[in-house]
Amino acid sequence: MAEDTWQAITAANRAAWNASAPLHGRGADWDELLERAAQPGFSVLDAQLTETLTALELAGKSAVQIGCNNARELMSLAALGIRPELGIDQAGAFLAQGRQLAEVAGLSPKLLEADIYALPDDLGRFDLGLITIGVLNWMPDLAGFFRAVAGLLAPGGRLVIYETHPFLEVFDPDSATPFEPAFSYFERQPQAVTEAITYDGKSHGQGETGYWFIHPLGEIVTACVRSGLSLVELKEFGHTIREPEYDIYEGRAAQIPMSFCLVAQKPA
């Protein structure tokens, strides 16, 4: 893909996320999140991610989250004794929500609005890089993305990715035949997303058009390793971490992979 093409896609995705931000910063769910953030031991991390991070023995270490959204997961690291120092996202409207959460949580991470493909040089190096659901599929250039991520890690630093399994992307839960593949696993063209981006499984009408990519697991792992990181662990799971409409694929006798967790490390 030509550089000017993926730059245009990145700009479109930034506009789509900024346009959707107001839908996430109001209402009962937002009020509840603010209340929870003010409580000691605040965390929105699920059991699997908590287990993975705890096993890495990162207490007292520094962390950066790439694609941090409103930074709720970044600040949850404090409950594990990890220092949430930097959150990076291209959507300034979500970072504004993150500053509200940080204030009530009594934390002060730096929240940076930036294009991952054009980061400043003076951000520092961190012991943990965290990437969670809804980041990789918006990236038009995996190789460039992982080079940028690797550059944020200190020597010996770990990268943890907890994401939707790419195989799940071949299904459309809203179709008339949700258990038949709707997309090719090997599709390389970006998928236009025209609806407002939300997580509650409800339609909120049209939004700014963004572009979603199906990146096969092999390409994700390859891009990670080629960035100079060593693969430590890759686990695949049959549980969903996506929107509620994907729940229909969970708990079946013939279970498909629905999420994965990858751990990589920068050479010491």
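Colleague: Helix H6 (residues 142-151) has 10 residues, so how many of those are buried?

Modeller: Seven of the 10 are buried, so H6 is largely enclosed by the rest of the structure. Buried means under 20% relative accessible area, exposed is over 50% and partly exposed is in between, using a 1.4 Å probe and protein chains only. This is a predicted model, where local features need pLDDT of at least 70 and side-chain atom pairs count only at pLDDT 80 or more, while totals for chains, interfaces and linings use all residues. Residues are numbered from 1 along each chain as its sequence is written, and side-chain values use heavy atoms, with hydrogens and water left out.

Colleague: Which residues in H6 are the buried ones?

Modeller: In H6 they are Leu142, Gly144, Phe145, Phe146, Ala148, Val149 and Ala150.

Colleague: And what covers the buried residues of H6?

Modeller: The cover includes strands S1, S4 and S5 (153-164), plus helix H7 (217-226). Those names are DSSP runs numbered from the N terminus: helices are H or I with at least four residues, strands are E with at least two.

Colleague: Let's look at S1, then. Is strand S1 (residues 62-66) mostly covered or mostly open?

Modeller: Mostly covered, with five of its five residues buried. Ser62, Val64 and Ile66 are buried on one side of S1, and Ala63 and Gln65 are buried on the other.

Colleague: Which strands do bridges join to S1?

Modeller: There's S2 (residues 83-89), which runs parallel to S1 and is joined to it by five bridges. S4 (residues 126-132) also runs parallel to S1, with three bridges between them. Two strands pair if DSSP finds at least two bridges between them.

Colleague: What does Ile66 stand opposite?

Modeller: Ile66 faces Ile88 in S2. On the S4 side, Gln65 stands opposite Leu130.

Colleague: Changing topic: how many helices and strands are there in the protein?

Modeller: Seven helices and nine strands. The radius of gyration, taken over C-alpha atoms, is 18 Å, close to the 18 Å from the globule rule for 268 residues, so the protein is as compact as a globular protein of that length. The rule is 2.2 Å times the number of residues to the power 0.38.

Colleague: What box do the C-alpha atoms fill?

Modeller: Roughly 50 × 45 × 45 Å, taken along the principal axes. Buried residues make up 49% of the 268. Of the contacts with a separation of 6 or more, 72% are between residues 24 or more positions apart. A contact here means heavy atoms within 4.5 Å.

Colleague: Now Ala264. Where is its place?

Modeller: In strand S9 (residues 259-265). Ala264 has a relative accessible area of 0%, so it counts as buried.

Colleague: What does Ala264 touch?

Modeller: Leaving out residues up to four places away in sequence, Ala264 touches Gly157, Arg158, Leu159, Cys224, Leu229, Ser230, Leu231 and Val232. Pro181 is 83 residues from Ala264 in sequence and 31 Å from it in space, C-alpha to C-alpha.

Colleague: Why does Thr52 count as buried?

Modeller: Because its relative accessibility is 9%. Again setting aside residues up to four places away in sequence, Thr52 touches Val160, Cys261 and Val263.
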